[in-house]
Amino acid sequence: MEQTYSIRWISPESADADAPGLLALIRGLADFEGWSEFVDISAEEIAERAKRPAPPFRAALAQDATGALIGFATVFVTDFTYAKRPSLELEMLFVTEHWRRHGVGHGLFDQIEHRQRMAGLDQVGGHRRAHV
């Protein structure tokens, strides 16, 4: 049986509904990598940041056919002193254990690259594609 998923971006309109699931995924990543003691943000704070006119991050959310969140990637725009155009920097990328090795990480990264090209940004930094 083929497992299907879709990817969408958090928006100001979806932020309140998406923030608790995104926070749960961030905690999953923190547990996986051993830095859970540093997660001190609330879902309300994530939603507030996502609703800002110039949000400090963008989040791509992967969801299964039921709408449950199964992975995410967060990015932010940064200006490097050596480049003419800003770059899109990958901050975090995580896929829940059940969905690993089903192409979700690659799908998230494809969405990031698409956003980078559409926004006319120089590159996607902070990554190694072979590891997603």
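Predicted model: local features only at pLDDT ≥ 70, side-chain atom pairs only at ≥ 80, totals over all residues.
**View 1. Helix H1 from end to end.** Helix H1 covers residues 15-33, which makes 19 residues. How far apart should its ends be? At 1.5 Å a residue, H1 should span 27 Å. The C-alpha atoms at its ends lie 25 Å apart, which agrees with that expectation. Just past the helix comes Gly34, where phi is positive, at about 85°.

**View 2. The buried residues of H1.** Here you can look for Ala15, Asp18, Ala19, Leu22, Leu23, Leu25, Ile26, Leu29 and Ala30, which are buried in H1. Which elements do the buried residues of H1 pack against? Their partners are helix H2 (43-50) and the strands S1 (5-9), S2 (58-64), S3 and S4.

**View 3. Thr74 within strand S3.** Thr74 sits in strand S3, which runs over residues 69-78. Is Thr74 buried or exposed? Its relative accessibility is 3%, so Thr74 counts as buried, the cut-off being under 20%. Leaving aside residues up to four places away in sequence, Thr74 touches Phe57, Arg58 and Ala59, along with Glu89, Leu90, Glu91 and Met92.

**View 4. Arg101 in a loop.** Find Arg101 in the loop that links strand S4 (87-95) to helix H3 (104-118). Arg101 is not a glycine, yet its phi is positive, at about 70°. Most residues other than glycine have a negative phi. Arg101 has a relative accessible area of 84%; that is over 50%, so Arg101 is exposed.

Methods
Residues numbered from 1 in each chain as written. Heavy atoms only, no water. Helix = DSSP H or I, 4+ residues; strand = E, 2+ residues; numbered from the N terminus. Buried < 20%, exposed > 50% of the residue type's maximum accessible area, 1.4 Å probe, protein only. Contact = heavy atoms within 4.5 Å. Expected span 1.5 Å × (residues − 1).
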